[in-house]
Amino acid sequence: MQRNRTAAGLNVLWIVDDDHPQYMMASMPVTRQQIRDVGSDFTLGHADIPLCGPARTSLLTGLAADHHGCLTNRTWPEFTAAGYNEVTVARYLKEAAYFTGHFGKYINAKTDHTYQPAPYFDRWCETEGREDSSPNSVSVDGHKFDLPASLQPSIWAANRCADFIRARAGRTWFAQYCPTIPHQPYTPSRAAKHLYDGSRRRAPSVNEADMSDKPAWMRSLPANVSAGAQADYEGKLEELADLDRKGITNILAALRETRQLANTVIFYVSDNGYLHGEHRLRHKDQPYWESAQIPFFVKGPGVRASKRTVLTSHVDLFPTTLEIADLDSASFAVDGRSMWPHLGASSFSGWRRRMLVAGSDDVGPEENPGGANNPSGRWWLLREDEKAFVLHENGTKELYWMGVDPYQERNRARTADPVLIARLTDMTRAMIRATGGKRRRLEVA
């Protein structure tokens, strides 16, 4: 579809932050009040795969992890070898005459920061990410330079995104703002640095006392993760305060000043959640809700303000964005579903009943930095109604009834009806193999 690039349709803004668990919104009043609370808050929003690089592949392509095959945090070589730069959402929006811009982190293990995935982005402002040796290095349209040490790269990226928005008032655009906040190492501003000293995650599953129901490798985990987990918790809250005050506030101001708020659909998600000692675990890429569930908000014209208890995933942003741009998402080979017909309605009639979340490859920390690399191998999490069923690669199973056990402290796989366990196992394996329309049909069967 061709459209006049000077004609204003609906703009689309993706905000994708980094390692942000769903429950950590206390230090973000602007984001809560001006995005979440005036839009749709998807309380069962999930990462397709809760690890940075693979998750970003799912977002950009609309493909589920077992379909796209980028299953480690050394993602960039896998991403480019599969040709995914040619099938991102930006390509199709550019072809539909949208102006396109990227601001912040792109794909993990992308070492050539002078490379711009042209010709599908009109503006390219990339931060290197915190795994790199020069965390203040950035690239603008392929030209690399260092920022002043006092300037947070994520805030620099927000300012460039705001510039892009102002420059394109009256024209139709797509932008993705991808801050590295709140990924460790934590470098909050001087104003935020001590705002949350002493804060810690308080949940009954932190340093869980009885681990006898968990996979064998977890039963011997030490119950002494509090100090490191507390440092993570403080750092995330403080960095999120910076993101809220300096990043999100500046972008919303640009939309407001140019009178584009009423004409822009905003998606706010994270690439994955994070564990702060729940089940004696830290970090991400685990089949528990603090790792798999993420902030998932949508705000914009025609979007109903409400809390939504329906299963949504990263892979849904791609087809939803295409339909906002008047493109037929059904003609694209994606695994997600378009939310667009439902966002203004009181219910998500005919939406998915179940959904699969995948873990990353268990190839070790050298090949998969930040990944779980569990002794039990890869895992898959099937969410169905109130059930959270986990199938591990070595055959270990977990089953939690989330309505009565929201912190996943009581694994019922051993005592549940064997017929139920067999059905959930078969469905999980079927969904692993299924793609596109077949996968979507299994989600509602």
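User: What should I know about the model before I start?

Analyst: It's a predicted model, where local features need pLDDT of at least 70 and side-chain atom pairs count only at pLDDT 80 or more, while totals for chains, interfaces and linings use all residues. Residues are numbered from 1 along each chain as its sequence is written, and side-chain values use heavy atoms, with hydrogens and water left out.

User: What is the mean pLDDT of the chain, and where does pLDDT stay under 50?

Analyst: pLDDT is the predictor's confidence in each residue, from 0 to 100. Where pLDDT is low, the predicted coordinates should not be read in detail. Here the chain's mean is 94, and 96% of its residues reach 70 or more. The values stay under 50 over residues 1-7, for which the model has 24 contacts beyond four places in sequence (contact means heavy atoms within 4.5 Å).

User: How many helices and strands does the chain have?

Analyst: Helices (H or I, at least four residues) and strands (E, at least two) are DSSP runs, numbered from the N terminus. This chain has eleven helices and 16 strands. Its radius of gyration is 21 Å, close to the 22 Å that the globule rule gives for 445 residues, so the chain is as compact as a globular protein of that length. That radius is taken over C-alpha atoms, and the rule is 2.2 Å times the number of residues to the power 0.38.

User: At what angle do the axes of α6 and α7 cross?

Analyst: Two packed helices are described by the angle between their axes and the distance between the axes. Axes are lines fitted to C-alpha atoms, for helices over the stretch in contact, and angles run from 0 to 180 degrees between N-to-C directions. For α6 (residues 153-167) and α7 (residues 226-257), the axes come within 8 Å and cross at roughly 5°. Residues in the contact include I155 and A158 of α6, and L243 and I251 of α7.

User: Is H68 buried or exposed?

Analyst: Buried means under 20% relative accessible area, exposed over 50%, partly exposed in between (1.4 Å probe, protein chains only). H68 is buried, at 5%. It sits in helix α3 (residues 65-68), and its contacts, leaving out residues up to four places away in sequence, include D48, P54 and Y84.

User: Which residues of α1 are buried?

Analyst: In α1 (residues 29-36), they're V30, T31, R32, I35 and R36. They pack against β1 (11-17), β2 (40-46), α7, β8 (264-270) and β11 (296-299).
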